[in-house]
Amino acid sequence: MMAAETKTTCPYCGVGCGVIASVADDGGVSVRGDPDHPANFGRLCSKGSALAETIDLDGRLLFPEIRPSPLPSPRKERGEGYSGVTTHISSLAPGSKEVAATFRPPSPRVRGEGKGEGQVSWDEALDLVARKFSETIAEHGPDSVAFYVSGQLLTEDYYVANKLMKGFIGSANIDTNSRLCMASSVAGHRRAFGSDTVPGVYEDLEEADLIILTGSNLAWCHPVLYQRIASAKEKRPAMKIVVIDPRRTMTCDIADMHLAVRPDGDVALFNGLLAHLAKSPALDDDFIREHTNGFAEALAAARTSEADIISLTGLSQGDIEAFYRVFEGTQRVVTCYSQGVNQSSSGTDKVNAIINCHLATGRIGRPGMGPFSLTGQPNAMGGREVGGLANMLAAHMEIENPTHRERVQRFWNAPVIAAKPGLKAVDMFKAVADGRIKALWIMGTNPVVSMPDADSVADAIRNCPFVVVSDIMRETDTTQYAHVLLPAAGWGEKDGTVTNSERRISRQRQFLAHPGEARADWRIICDVARRMGFGAAFAFENPAEIFAEHAALSAFENGGDRDFDIGGYAGISPTDYDVLKPFQWPAPSFPLAGKVPAERADGGGDDCALSFTTPTRPLARTPSPQGGGKASAIRFFANGNFYHPDRKARFIAVESMATERVNLAYPSVLNTGRIRDQWHTMTRTGKSARLSSHLAEPFAEINPDDAAALGIADATLVQITSPHGKVLVRALITSRQPRGSVFVPIHWTDQYASNGRVDALVPPVTDPVSGQPALKNVAVSVEPY
Ligand code: SF4
């Protein structure tokens with residue numbers, strides 16, 4: 001039996017692995033890693049290999065629905081009991097290479113499933129959404145409406161949502177759950193480089209002699225990158241790995257050094273490193289002089305006494321010195337950082353403290369060197385590229401820059417352009433709560449679970465006069481409060497592009513029919529825009545046309561002063577888009593007039609030798625001093641061509657400060673995060689019995705000494721309380737967790753386990769620069785239940 005094969009991209013983490021999906025004649029679907037995709041070369045983790053187990057139609061939203069009012073009693077009473085499932089805590093070994101899995105959906109993918117009581121036609125639903133938004137804007141102004149979107153959207157979806165809000169409604173009130181993920185990295189990049197540019201590529205991880213993983217449980221959260229590093233270390237045992245994390249996570253299994261830093265002690269640690277480097281031969285005076293500004297000020301701020309560094313980091317003098325020595329003595333250093341850095345009230349300062357050390361040593365933009373932000377979501381980067389954040393414009397242009405605003409408005413031929421940054425996620429929901437936002441459209445995300453102060457967010461949404469939710473699932477913690485539900489196409493059902501952590505743009509391709517009446521997000525948004533009177537600007541027939549416009553905007557009047565440029569694709573045809581190979585930006589000079597480098601969606605190929613990735617400006621590559629590196633790799637900043645007007649990078653002066661939150665009433669630090677086999681709020685991964693067999697219910701990791709002091713036995717229930725809420729979870733007693741702290745995963749919702757939403761405990765504290773919430777340093781109390 002022949003199976004039709006489609007090359008596509010995994011919809012989960014920011015590694016962006018290539019996947020080959022096969023659909024057999026009997027409808028059975030299987031997935032395997034794409035051996036040709038440069039992100040994973042055939043590897044998949046447990047989540048990626050279980051994709052076929054998550055595509056059934058159980059629970060899917062298949063028809064538009066209008067509900068007269070949100071469901072009653074939306075706010076759960078806390079402490080009402082426990083409804084978790086049987087404990088099954090299996091081996092916690094990090095994801096190894098998974099074999100292909102075949103799965104036949106138990107629920108047929110047929111029209112007619114999932115019919116809701118409020119089912120209406122698309123015309124009725126879209127008319128109502130357009131009318132309510134138009135009326136609200138007319139009565140209360142453009143800032144009275146908002147879109148809250150998602151790193152799960154494809155770039156084309158993001159592009160039209162951003163265009164509608166910023167260029168036609170005239171507000172910048174569009175923000176995304178990526179605000180919870182990488183906003184601090186964006187802000188840190190922009191401060192240091194003058195652009196939101198990730199300087200690294202995945203090859204750097206294999207070429208480095210020292211990899212520092214700070215605030216990153218790579219083994220569970222970016223498993224294929226973990227596999228790539230583990231494999232490189234196996235081949236070159238001299239490669240050193242340092243993990244900086246309060247917890248001893250599975251990533252530490254390949255570490256030469258684990259620094260169990262205190263929560264938010266990272267700035268002090270890297271400031272101390274900068275001061276150490278300033279006295280060492282590793283300082284690159286030529287690079288600092290020729291390519292940077294602000295070194296003296298940053299160094300003055302970084303100088304902290306030894307005693308203060310020890311106190312702020314919680315590390316021993318010996319460990320600190322050993323770390324500083326290995327950094328000083330190793331030329332090829334990559335410092336990877338993820339949510340442990342970003343999700344902090346000092347997240348942007350942490351990012352800049354790390355970048356400062358790479359600038360001071362000139363270890364940036366060359367093979368095996370550089371700071372490297374690892375994106376959490378599959379398309380957080382793509383959303384950034386099209387201005388999906390409330391404080392950015394499309395194509396990495398800046399909303400505060402009047403020239404950029406005028407340029408984007410002129411390109412779009414838009415009636416208006418947002419004149420100021422919009423509300424970032426936490427502030428957006430505060431504005432919903434206090435009535436400033438009166439119409440809200442949530443796309444592809446579940447803020448009632450994932451936002452800090454989640455109970456207040458639930459109340460805000462419930463009381464909002466008009467709420468639209470586009471989703472693939474009918475009953476989520478958020479859809480229950482919608483006035484209008486719009487069924488969105490899911491992974492495997494839609495076409496578009498995503499960008500991974502190394503700036504690589506890959507196609508997601510459709511290989512399944514739309515179930516029921518589900519539609520692609522880009523089409524839903526364009527349908528509403530047309531009904532609001534903006535038809536000409538949203539007359540897209542397919543995602544290829546949107547991608548072509550996005551590419552054209554990236555090159556529009558881009559004299560090399562902006563980093564994001566894929567102008568070579570501005571004229572791409574639907575046929576070429578269909579067979580588009582993964583490529584990295586910038587790609588300003590792709591010769592569309594010639595032969596198109598392509599892969600066939602059916603798995604065939606076209607081995608055209610043209611490079612998508614060779615930049616022409618201003619990113620010329622400098623060979624590594626040690627030689628090495630592949631000619632095809634792009635390394636930013638090799639010649640110091642940064643994106644501030646003077647083409648120089650900025651050192652940022654950051655203060656080493658304590659962020660002590662615990663007190664007598666709430667004496668433990670709560671840290672939240674992901675587990676290996678679940679994704680976000682489990683709407684997809686929760687369908688796989690295989691994935692749920694890893695860790696089957698919400699839990700709290702507790703240090704054995706703390707457990708003994710609190711009278712908590714392993715696998716019993718514990719209640720964790722903060723001033724904002726409480727959760728009830730199973731105790732998992734482990735010495736991997738440091739004393740005085742607990743770790744609770746983010747995935748469970750009240751649908752899976754009553755009182756399982758850990759973000760209900762988190763206060764709405766944010767980084768003052770990026771607006772990213774501090775989700776990893778929360779004061780709580782822990783007690784037996
Ligand atoms: Fe998907 Fe990330 Fe796993 Fe790759 S590492 S298969 S992108 S979840």
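**Overview**

Reply: The protein chain has 24 helices and 28 strands, where helices (H or I, at least four residues) and strands (E, at least two) are DSSP runs numbered from the N terminus. This is a predicted model, in which local features need pLDDT of at least 70, side-chain atom pairs count only at pLDDT 80 or more, and totals for chains, interfaces and linings use all residues. Residues are numbered from 1 along each chain as its sequence is written.

Me: What share of the 785 residues is buried?

Reply: Buried residues make up 61%. Buried means 20 or more other C-beta atoms within 10 Å of the residue's own, exposed means 12 or fewer, and partly exposed is in between, with C-beta atoms placed from the backbone.

Me: Which residues have the most contacts inside the largest nonpolar core?

Reply: A161, I211, L440, A700 and I720, in a core of 228 residues. Such a core is a set of buried Ala, Val, Leu, Ile, Met, Phe, Trp, Tyr and Cys residues joined through C-beta atoms within 7 Å.

Me: What does L440 touch?

Reply: Leaving out residues up to four places away in sequence, L440 touches A146, Y148, V432, C464 and V467. Contact is C-beta atoms, placed from the backbone, within 7 Å.

Me: V432 is in α17, then. Which residues of that helix are buried?

Reply: In α17 (residues 425-433) they are A425, V426, M428, F429, A431 and V432. They pack against β6 (145-149), β7 (174-176), β14 (439-443), α18 (447-450) and α19 (454-463). Just after α17, G435 has a positive phi of about 90 degrees.

Me: New topic. What surrounds the ligand?

Reply: 14 residues, the closest being C10, C13, C17, C45 and G48; a residue is near if its C-beta atom, placed from the backbone, lies within 6 Å. α1 (46-49) and α7 (223-235) each supply at least two residues of that shell.

Me: And the domains, where are they?

Reply: Domain 1 is 122-177 + 424-606, domain 2 is 183-374 and domain 3 is 668-784. The bounds come from an automatic or database domain assignment.

Me: How many residues of domain 2 are in contact with domain 3?

Reply: 22 residues of domain 2 are in contact with 23 of domain 3. On the domain 2 side, α4 gives the most, with four residues.

Me: Last one: is S280 buried or partly exposed?

Reply: S280 is partly exposed because 15 other C-beta atoms lie within 10 Å. S280 lies in the loop between α8 (266-278) and α9 (285-291).

How values were computed. Two residues are in contact if their C-beta atoms, placed from the backbone, lie within 7 Å.
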